[in-house]
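User: Please take a close look at one hairpin in this model and the strand beside it. Then set that part in the context of its chain and of the whole assembly.

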Amino acid sequence: MEKLELETKEEFTKYIEDIQSKDYFPKNVLGWAIVREVYGQINADKVLMSYIPVLNWDNSNLGSLAVLLGSLDIKAPFTELYLDLDKAAIENSLDKFKSFMGELDGTNHHNIMTLIEGHKAIAELEAGMVNPFKLVVITEDVPCSNVSQAYMKLHALSEGKAPLRSLNLDGIFGLLTNCAWSNGFPFELEYINAISIQAKMSGQPINIEYVDKFPTLLSQVMLAPNTRILDAKKVRFGAQLAAGTTVMPGASYVNFNAGTEGPCMVEGRISSSVIVGKNTDIGGGASIAGVLSGGNSDPITIGDNCLLGANSSVAISFGNGCIIDLGCAIASGTKVTITQEEINKINAVNEGNTIPESDEPAQVLKASELSGKNGIHFRMDSSAGLMVAFRSTFEIELNEDLH
Amino acid sequence: MEKLELETKEEFTKYIEDIQSKDYFPKNVLGWAIVREVYGQINADKVLMSYIPVLNWDNSNLGSLAVLLGSLDIKAPFTELYLDLDKAAIENSLDKFKSFMGELDGTNHHNIMTLIEGHKAIAELEAGMVNPFKLVVITEDVPCSNVSQAYMKLHALSEGKAPLRSLNLDGIFGLLTNCAWSNGFPFELEYINAISIQAKMSGQPINIEYVDKFPTLLSQVMLAPNTRILDAKKVRFGAQLAAGTTVMPGASYVNFNAGTEGPCMVEGRISSSVIVGKNTDIGGGASIAGVLSGGNSDPITIGDNCLLGANSSVAISFGNGCIIDLGCAIASGTKVTITQEEINKINAVNEGNTIPESDEPAQVLKASELSGKNGIHFRMDSSAGLMVAFRSTFEIELNEDLH
Amino acid sequence: MEKLELETKEEFTKYIEDIQSKDYFPKNVLGWAIVREVYGQINADKVLMSYIPVLNWDNSNLGSLAVLLGSLDIKAPFTELYLDLDKAAIENSLDKFKSFMGELDGTNHHNIMTLIEGHKAIAELEAGMVNPFKLVVITEDVPCSNVSQAYMKLHALSEGKAPLRSLNLDGIFGLLTNCAWSNGFPFELEYINAISIQAKMSGQPINIEYVDKFPTLLSQVMLAPNTRILDAKKVRFGAQLAAGTTVMPGASYVNFNAGTEGPCMVEGRISSSVIVGKNTDIGGGASIAGVLSGGNSDPITIGDNCLLGANSSVAISFGNGCIIDLGCAIASGTKVTITQEEINKINAVNEGNTIPESDEPAQVLKASELSGKNGIHFRMDSSAGLMVAFRSTFEIELNEDLH
């Protein structure tokens with residue numbers, strides 16, 4: 001491995017520019033990270049989870065990546081990397097960051113901090129323990145080929161570095177191992193079984209909090225200061241919660257690759273692939289259908305400034321400023337009655353995406369024909385047994401970027 | 001600080017009577033407590049939570065308060081107190097309780113026990129640690145001015161010492177800090193962020209169970225023997241559960257300043273400010289609207305001996321002996337059809353609060369016109385698309401105090 | 001107590017055959033186990049829980065039972081046993097298993113492993129601690145007479161050794177103590193109260209995760225490798241989850257003596273006594289009524305290959321291949337409209353259990369008349385206010401065992 005100390009910033013800059021100019025340095029880096037993996041208690045070659053202290057996403061911090069490639073003597077082109085970061089590699093890398101050491105204040109140079117902490121941690125590994133530190137690089141958004149890559153993509157979603165639905169997550173269920181999680185730590189189910197007799201007779205079983213392939217979001221990523229999750233189990237790793245979102249502990253759930261794009265109150269379910277806009281209130285027990293269940297393949301979007309009443313169920317998209325009353329259910333085939341007067345009002349806030357007019361005083365439409373439109377209020381008329389729709393009383397904020 | 005030993009009960013009685021007769025001794029004490037505060041890991045001046053070992057409420061244990069005021073040399077009138085209880089202050093106070101020491105059996109004299117435990121704990125504080133022990137007194141129910149006051153009021157609600165909705169909780173969201181809670185202990189989010197790289201590289205992150213301004217009820221207050229909460233996250237501190245209440249772990253939730261006044265089965269949501277009477281069954285996923293969401297400003301009360309079916313949604317008040325069928329939703333504007341025959345039966349159990357009669361064989365009423373009435377059964381007539389109401393089969397137990 | 005070493009397998013076989021031929025050896029053994037009990041912190045005679053390392057069910061491992069009976073000098077007939085297993089008894093038993101010791105590999109001879117671990121654990125008991133190890137035998141399925149028996153039956157259900165609804169659980173609520181559970185361990189509520197002042201003043205309260213008579217399933221029994229519970233609180237001990245079942249953390253819950261008989265997706269509530277078949281999808285917030293609530297006394301069964309839409313509510317049984325749309329509610333008295341054409345199609349997959357024909361083009365039936373039938377799809381016709389039923393599009397797999 002390459003040993004080289006860079007004493008000055010000038011030497012450092014020259015060094016990384018040199019590496020970055022080489023053919024083998026990737027033209028595009030989706031993400032890279034120094035990770036610490038956790039291995040199976042019985043199957044030591046199985047990666048159960050991967051800690052990502054710093055996720056470098058979308059071509060960020062490529063200088064530090066150059067240092068690591070140099071220290072590891074990587075000189076051939078690659079589309080992905082998954083390499084041991086042993087003590088020598090960490091030390092070689094730190095040698096090149098010498099000119100930064102005086103600047104460290106605990107809040108900056110996160111990749112250098114990671115190497116320093118890795119250097120400490122590697123010294124504390126128990127004898128015989130496999131080195132769990134890796135350098136992982138992804139250049140293209142293809143299906144993940146290992147667990148650490150999968151964790152990097154889930155991190156990118158949960159940190160908001162990648163938009164929801166923007167990443168290729170194919171095959172991720174197959175990569176992840178179904179684990180028993182205790183105190184934030186994963187255990188193989190067969191390990192729990194293997195120690196069960198001993199644990200019970202000694203009165204000291206492991207307290208299992210959940211069993212899943214995915215950990216909770218809170219075990220991997222911290223929230224913005226004004227964001228709340230009142231029960232960690234309610235939000236899977238890979239979900240994205242915009243700052244200001246609150247997830248209540250009643251009937252709520254936010255699956256991976258789903259979440260909010262602005263501050264929202266979430267007391268209901270945001271299924272996988274569902275995106276909710278800003279200032280929207282998902283009432284207690286409200287359910288938004290995802291693509292994993294049923295045969296639904298079009299992911300659902302709920303707009304800004306919507307209100308989903310308690311125990312409502314929604315299987316179409318909503319534009320901005322929509323309301324569904326408590327207890328109402330809208331499947332794509334639900335028949336919805338609207339008067340022409342209300343159609344006119346709704347059309348006024350859906351320029352270019354209007355409901356076709358008719359001569360009748362009212363139309364009965366399939367809910368899917370209303371999918372994605374702004375300003376609709378859905379209600380059950382309980383004196384006639386009709387699901388009706390009309391213009392909601394919410395103001396529609398026009399997206400100025402589009403006008 | 002005043003040093004004085006009181007050897008006999010007579011001396012003690014004379015001492016406290018003397019203090020209590022002074023002008024500066026408050027005429028009314030809403031509550032007082034010796035507390036242990038928990039401070040921010042980064043912002044050491046920020047109170048994250050406050051342990052209240054004993055809450056003295058509504059002018060109780062004023063003799064012990066007099067001892068503390070004397071020991072702290074408080075000789076000026078006050079409307080609230082928030083004072084350091086250091087080692088000397090605790091010792092001075094204990095000196096005055098000397099005549100009680102022989103009686104202590106671990107179940108009595110709770111304030112003296114608190115001082116004794118404080119004396120031990122203060123000796124075990126780590127060097128340089130700020131003294132976290134305070135004497136907090138509230139004389140009037142005005143908005144809280146510090147976190148310990150807020151915890152005292154939430155305690156009073158959760159212990160049932162103050163009725164639900166009876167306390168001024170204005171500004172409480174602003175006082176409380178949004179924390180990451182682990183193993184019952186609060187951490188500042190910025191602390192979790194600050195240690196994240198080190199924690200992940202060493203493989204020892206803190207296991208975060210929830211992120212909220214409020215802790216769980218069970219972290220602060222214990223339940224009556226026959227009361228159950230099958231998931232601690234489901235009940236926020238400041239909720240009140242009468243003895244015999246069970247909160248199931250499915251879709252239930254009980255927010256602060258809400259709860260039950262008698263034994264109830266709770267499998268649904270009791271939103272903030274909602275009060276539920278005794279022997280009422282809140283079915284799985286049933287939702288009762290609160291004042292925090294929607295524009296609802298009249299808090300909802302559900303009476304005794306009611307049954308809310310699974311996945312029902314209720315946004316009006318119910319009197320006693322009401323039923324709503326599974327899946328039904330009653331907003332204030334929901335149109336409800338009732339025959340005159342059933343109106344007569346309902347009126348018979350709502351003396352002084354009857355539904356106006358009409359000549360028609362049936363009326364269509366807004367649900368808000370039925371709010372708070374006894375003995376109504378709401379059902380969807382699924383052969384006609386009508387929300388109908390009729391006299392429930394439940395007996396209405398008349399409140400004998402009112403007759 | 002009987003001391004006797006058996007050096008060879010032949011001696012062992014002869015020894016156990018001798019005991020098993022005796023009159024006092026039970027003709028039928030429902031279950032037996034070596035258990036470790038946990039006692040009250042204040043009431044040391046109260047059993048709070050019982051660890052069952054190995055549940056021997058339905059006449060299994062009777063040779064090992066014979067060894068234990070011999071070692072304990074049990075020579076009189078019995079219908080149940082509940083006996084101290086002290087150090088001498090464990091050693092006497094191990095002496096008889098000498099010929100097996102060379103074969104132990106950590107995955108076999110579970111009862112011998114249990115005795116070996118018990119021997120270690122008994123040496124580590126704190127001085128003065130009551131011996132918590134017992135031999136418990138149940139010969140008949142009568143109401144439980146102690147907590148360890150109750151735990152054995154709940155284990156049998158949760159491990160799938162006994163079919164759901166097959167065991168006599170009468171009086172089980174009375175036997176179990178309502179405990180505060182922390183880190184998998186039960187505490188008496190009065191103990192938590194007794195230490196509360198000390199715990200709060202020292203800043204070290206016990207972190208209570210739930211308060212219930214039953215622990216969680218995951219604290220007692222491990223899942224099959226492809227089975228998941230995303231929140232341990234959601235599944236009570238005594239529930240049964242067939243391999244391949246996933247229980248999501250939103251609004252789901254599986255009570256004791258209820259569960260699934262094949263792989264299912266569970267995002268809703270499976271109340272006590274409800275059985276769900278294989279390949280059935282219980283949508284988010286869907287509720288299946290149990291016998292503990294309401295006045296319902298016929299337990300509900302949901303067949304194979306069914307789909308319960310989000311927030312649907314079901315209080316009748318479903319055959320195979322049934323669908324209920326999102327948000328729909330079916331009580332036993334719900335009026336359901338079906339055309340004769342659809343009745344004919346439904347009857348075609350319900351041989352021997354058909355709906356009576358009529359001359360009318362459509363019938364309005366009570367939902368209870370459709371209980372348990374195959375291939376029905378329930379939907380709200382929101383243009384007419386009618387709950388309608390028709391033949392579902394799901395194939396009905398005929399149970400070949402019945403044809």
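Analyst: Two strands pair if DSSP finds at least two bridges between them, and strands (E, at least two residues) and helices (H or I, at least four) are DSSP runs numbered from the N terminus. This is a predicted model, in which local features need pLDDT of at least 70 and side-chain atom pairs count only at pLDDT 80 or more, while totals for chains, interfaces and linings use all residues. Residues are numbered from 1 along each chain as its sequence is written, and chains are lettered from A and ligands numbered from 1 in the order in which they are written.

The part in question is strand β6 of chain B, residues 179–182. Cys179(B) and Trp181(B) point one way from this strand, and Ala180(B) and Ser182(B) point the other way. All of these residues are buried (20 or more other C-beta atoms within 10 Å of the residue's own, with C-beta atoms placed from the backbone).

β6(B) has an antiparallel partner in strand β7 of chain B, residues 185–188, with four bridges between them. The two strands form a hairpin, and two residues lie between them. In that turn, Asn183(B) has a positive phi of about 55 degrees.

β8(B) leads on to the contact with chain A. There, 43 residues of chain B are in contact with 44 residues of chain A (C-beta atoms, placed from the backbone, within 7 Å). The elements of chain B that each supply at least two residues to this side are α7 (189–194), α8 (196–201), β8 (210–212), β23 (335–339) and β26 (386–391). Of these, α8(B) gives the largest share, five residues. This side of chain B has 20 nonpolar, 16 polar and seven charged residues, where Asp, Glu, Lys and Arg count as charged, Ala, Val, Leu, Ile, Met, Phe, Trp, Tyr, Cys and Pro as nonpolar, and the others, Gly among them, as polar.

Chain A also touches chain C: 44 residues of chain C are in contact with 43 residues of chain A. On this side, β1 (31–39), α4 (110–123) and β9 (228–229) of chain C each supply at least two residues. The largest share, six residues, comes from α4(C). By class, the side of chain C that touches chain A has 21 nonpolar, 17 polar and six charged residues.

Chain C is superposed on chain A by a rotation of 120 degrees, with 0.0 Å of shift along the axis and an RMSD of 0.0 Å (least squares on the C-alpha atoms of residues with pLDDT of at least 70 in both). The two copies are thus related as by a three-fold rotation axis. The C-alpha of Gly385(C) is the nearest to that axis in chain C, 2.1 Å from it. The copies use different surfaces, as 14% of the contact residues of chain C recur in chain A.

For chain A as a whole, there are nine helices and 26 strands. Of its 403 residues, 54% count as buried.

Note on methods: Two residues are in contact if their C-beta atoms, placed from the backbone, lie within 7 Å. A residue is buried if 20 or more other C-beta atoms lie within 10 Å of its own, exposed if 12 or fewer, and partly exposed in between; C-beta atoms are placed from the backbone.
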